[in-house]
Amino acid sequence: MNAVQLPVLNPPLKGFLRWAYTLSITSVHEETIPWYYSNFIQLSCTTKFMEDGRQYFIDFFRGKPNELNFNNPFLLTCSVNYTILDNLALDDWPKFFADQIRSGYYCIVFVDEAKLSPAASYQKEPFPHHLFLYGFDWEENMFDASMFDHTGVYRNVKIPFQEFQDAAGSMRKLLKEKLTSDHHTYFYKYAPHSAYPFDKTAAIDQLLDYVNGETHLNRINYNPDEEAFGIKVYDYLQMYFDAVEQNDSRLGDRNDARHLHVLWEHKKMMSERIGYLVEEGIISYDEELVEGYKDITKRAMKLRDQYIRHVIREDKEVFKRLRLRFDQFREEEPVLLLKLIKLLEVPSKSNKTYVESR
């Protein structure tokens, strides 16, 4: 076969590539949908970004380890580092990765995106990043890939074999000179799972964690003391944007609209989940719940769009709107989510209760 394309879909979540890449694989398969809606309920964010200069982030939380590393039940996963890949001559990289794709493996390769022409970092400073390969055309010397392009849009692109080799060679050099660390290269094969119905218990546990501003996921292997969860993320979102407004010198990235994009994705996901649960007959229709989350989703999307416009053309009024919306969401969400928990019928074995988190 001189050309192969493994199936992918436009992923439902794109805030971070760990979700976009893996969900673009699993979303092709209808049997993964109940698993999808059983997850992606919790949010987390960093809390120490003002003290030690670390970058602020907010993201969906599914526990540890890294989502790319053996954390999806539908993906058979293996990974290698550059120490192993150093034994592969750069001229052999296209054939090696084409052979993996031909065998049914999607490849997430750690390379220097500054060598890839579709990337925003092209011909600029080195930008170590994971690139998702799902196909190739040997006659055209091209890989089929997915990434955020130079416009900031996540889309499917063509990567010439030579650019791919240049990106790998540049990463080798960066690692040899200790200018970055190795985040590994991953290979995924879709592995049909046994039946995975919607998991009420898992969903209820995550919902309770969210309204309580805590996590119980994988605590045996992970200490979450420097992160905030659920409803408490609004406190740190507010802290971040207050620091942006005040031009606080301790802050790292000062105009990252991605935080508000992730917030909108979370509300959109919650609204879609509620629609799914009603459609599947898992919960009864409740107008306050359905319309309430639709309204929160619309406001979150508008807030994101207003902030993007502010980044382009300064509008100080946006910070007042941020404070207003964060306060509204902080008050409204626990009411709606407790209603959802009630509709899901909390199992008697659960001993969690809602405590005021403010």
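The report below covers helix packing, salt bridges and a surface patch.

This is a predicted model, in which local features need pLDDT of at least 70, side-chain atom pairs count only at pLDDT 80 or more, and totals for chains, interfaces and linings use all residues. Residues are numbered from 1 along each chain as its sequence is written, and side-chain values use heavy atoms, with hydrogens and water left out.

**Helix packing**

Helices here are DSSP runs (H or I, at least four residues), numbered from the N terminus.

| Pair | Angle | Axis separation |
|---|---|---|
| α9 and α10 | about 160 degrees | 8 Å |
| α10 and α11 | about 155 degrees | 10 Å |
| α7 and α11 | about 155 degrees | 10 Å |

Because angles over 145 degrees count as roughly antiparallel, that term applies to α9 and α10, to α10 and α11, and to α7 and α11.

His-259 and Cys-45 are 214 residues apart in sequence, yet their C-alpha atoms are 9.7 Å apart in space.

**Salt bridges**

Side chains of opposite charge can pair when their charged atoms come close. A search of the whole structure finds 24 salt bridges (a side-chain nitrogen of Lys or Arg within 4 Å of a carboxyl oxygen of Asp or Glu). One of them joins Arg-323 to Asp-242, with the closest N and O atoms 3.2 Å apart. This pair links distant parts of the chain, since Arg-323 belongs to α11 and Asp-242 to α8 (residues 233-245), 81 residues apart. Arg-323 is partly exposed at 28% relative accessible area, and Asp-242 is partly exposed at 23%. Asp-315 forms a salt bridge with Arg-321, at a closest N and O separation of 2.7 Å.

**Surface patch**

Ile-308, found in α10 (residues 287-312), is partly exposed, with a relative accessible area of 35%. Together with Val-311 and Ile-312, Ile-308 makes a nonpolar surface patch of about 270 Å². Patch members have over 30% relative accessible area and no salt bridge, with nonpolar side chains joined within 5 Å and like charges within 9 Å.

Terms used
Areas by Shrake-Rupley, 256 points an atom, 1.4 Å probe, with all protein chains shown as cover. Helix = DSSP H or I, 4+ residues; strand = E, 2+ residues; numbered from the N terminus. Buried < 20%, exposed > 50% of the residue type's maximum accessible area, 1.4 Å probe, protein only. Axes fitted to C-alpha atoms, helices over the stretch in contact; angles between N-to-C directions. Parallel < 35°, antiparallel > 145°, perpendicular 65-115°, else oblique.
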